[in-house]
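Please look over the sequence and structure below.

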Amino acid sequence: MIEDGDQAKLGNPHYQDLLKARALESLAATQTYVSRATIAAVAVSVLLMLISALVLIAAVFPVTLPNSLSFPLPVSLQFPTLQLPFWGTNTAAGFLLATCSLLLQCLVVGPKKAIKFLAQILAVLLLMLAIAALLHEVLGSAGWLDVLLTALAPHPGQRYPDGLHPMAAIGFVFCGLALLLLDHRTRHDRHVAEYLAISLIFLSAIPLLGYLYNVAAMTKMVYATSIPWLAAVAFFLFGMALLMSRPRQRLMAIITRHAPGGQMLRRSVPQMLILLVALHWLADWGARQGFYDRTSVPPLLTLIDSVLVLFIFWRAAGQVDREYGARVQSAAELAEATALLIAVSDNTNDPIFVKDRQGRLMFANPAYLRRLGLEWQDARYRRSTELFQRQEDAERIDQDDARIMNGKVSETLEQTVQTPNDMVTFQTTKAPWFDQQGRVMGVVGIATDISERKRAEDSLRQRESELERTIAQRTALLRELANHMETIREEEKRAIARELHDNMGAALTALSMHLAGVYKVLPDNEQWQNRQTQMQTLLSSLVATTRRIQTELRPNMLDLFGLKAAILEQLEDFGQRTGIVCKSSLPDEDIAIDHNVDIAVYRMLQEILNNVSKHAQASQVDVILDIDEDRLALTVRDNGVGMSQERFENTATHGLRGLHERATYLGGNVRFNAAEGKGTTVVIELPVLGQTPASAPADQPGT
């Protein structure tokens, strides 16, 4: 009857895992002993089969050794033929049939039914041999194998007067019946073959003890001649082989099982038997040698047997106590570790679970059960489809579990599932669950509720998105405002340039005409001639300054003849002012693009040339302008000292930042390629916003 405490242990998955681990350890050790027993049975059978085959070969084909030595040998040492002194031919034939039948029944490969049938045929032949030998003794007729061997003899008239000892025939009857019933089991789960093998062992032990103690009656076994002692040894070994060939049957399972009883039998019984036989033989030998009277043998043997049995069982009890103490200590340590694991799993807020290969829940801590809203009795052995409300959640979890078990590696996943209360997001670490042989038994997982963190991340991500959108809007407004201000500046520059051109230019032209009349009435002396020269020089300088200011404010060439002419004029003026050689590569056809792009390209080129004159220390500048249907590219390359990457990334440099802002507002970009000592290349790419027909302006102001 199982008490409540035991019932609780059986329901505890930790206790079940402990029992499974112990069962696996015991099973592995038992499997080792079973394999060793089977291998020993096969080895003994092979040895007996080889000896039997050698005896039969030597009987059919005797080996003749010529006595051609240079010195005469005694008659006792002269032998015309060599015959193996193991046992008779009939005995060898019987052991050959028995061992072949046993080896066939130990095979684990091939067609089992056909092999089993062949082994039983050999066992039947063995029984026929034994029965024929017994009939020979009863009826006095020649042994059938003797007649057969005589007919097969290579020399005419050669006979083999070798019958089969009746006790050997009885032994072969036991062997044949045991081989026929090797796997037969009665209603009470008993195997007849085991009892036949034990009977064979005891039957063969009688002549062996007779030879050991020189008792002729035991060696003859109520027969006129003694059974060969090697035949008795062979029957004893074959009986052991019969037992060891089926190590999982009832009696042998006690010995091969990894349990205290089996260990005691494997260790103590062989030692006790060997010591008993050895001490009894020594006691009998002492009596035969006259060391003491034979009447003293029984009490002496009683004393020896008592001491020996006491010693053996005392030693066995000590061994069992040590093993029991070690197991108790191991169980206590395991129980302590299990208690710690239970305390950790039961008191943590993180769900912990274990599933088998079929996805059934084998273990769940209270936190996991609370999330599911179930009790352990209701959740035990349930699959994901029975534990989770949404079908898609269960399918996704099963797919993750299958991938982890097939890949045999752990993973950390984020899983969002619907629980009875709300939607929960877990960060779950799953790992494959291996047994002692390295096979995947299932999956083990521990989860952490990160719902609050995910909500905070989603809120932060939403705020970041809103902030980025606000920044983008504000940036667009600022760029629009900057472009508007730049447009206003350009308009103001154009107005000022027009005022300078119209008013200041007209005034200077009128002043020049008036001065030309004044020059005519001035006295023709050296003083007034010098003043005339000074006034003309001053007036020319004033006109040149006015034109330069007008060009810088708004180049007339850009308005009158377009971007190509304005670039050429700008390069010519830059070369004259700085002494830097300027080379240009411009399109052959006229350029007709949007007015905003026109002035932007001109101003950006003006800024780049200004930087070259201030910082590049260059001797040559190349300007390349490419334009196609939807893109305009301006490349400016110098051979100066170059620039570092830090300077490109310096946001405090207004010139470079202005280039970026202008290009970005127009939908383009600016690229820099430079290295210290290797010059600088600036590439400006702008989309062509709109094109106007290449025609001269209608209103051209005069010069």
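Glu414 stands opposite Gln427 in β6. This is a predicted model, in which local features need pLDDT of at least 70, side-chain atom pairs count only at pLDDT 80 or more, and totals for chains, interfaces and linings use all residues. Residues are numbered from 1 along each chain as its sequence is written, and side-chain values use heavy atoms, with hydrogens and water left out.

**Hairpin**
- Strands β5 (residues 411–418) and β6 (residues 423–434) pair in the antiparallel sense over eight bridges.
- Four residues lie between β5 and β6 in this hairpin.
- Strands are DSSP runs (E, at least two residues), as helices are (H or I, at least four), numbered from the N terminus.
- Two strands pair if DSSP finds at least two bridges between them.

**Five-stranded sheet**
- An open sheet with mixed pairing has its five strands in the order β8-β9-β10-β12-β11.
- β8 (581–585) and β11 (669–674) each have a single partner strand, so one side of each edge strand is left without a neighbour in the sheet.
- From one strand to the next, the twist averages 15°, with axes being lines fitted to C-alpha atoms (for helices over the stretch in contact) and angles running from 0 to 180 degrees between N-to-C directions.
- β11 pairs with β12 (residues 680–687) in the antiparallel sense over six bridges.
- Asn669 has Glu685 in β12 as its bridge partner.

**Phe311**
- Phe311 is in helix α12 (residues 297–347).
- Phe311 counts as partly exposed, at 47% relative accessibility; buried means under 20% relative accessible area, exposed over 50%, and partly exposed in between (1.4 Å probe, protein chains only).
- Phe311 and Met272 are 39 residues apart along the chain, and their C-alpha atoms are separated by 9.3 Å.
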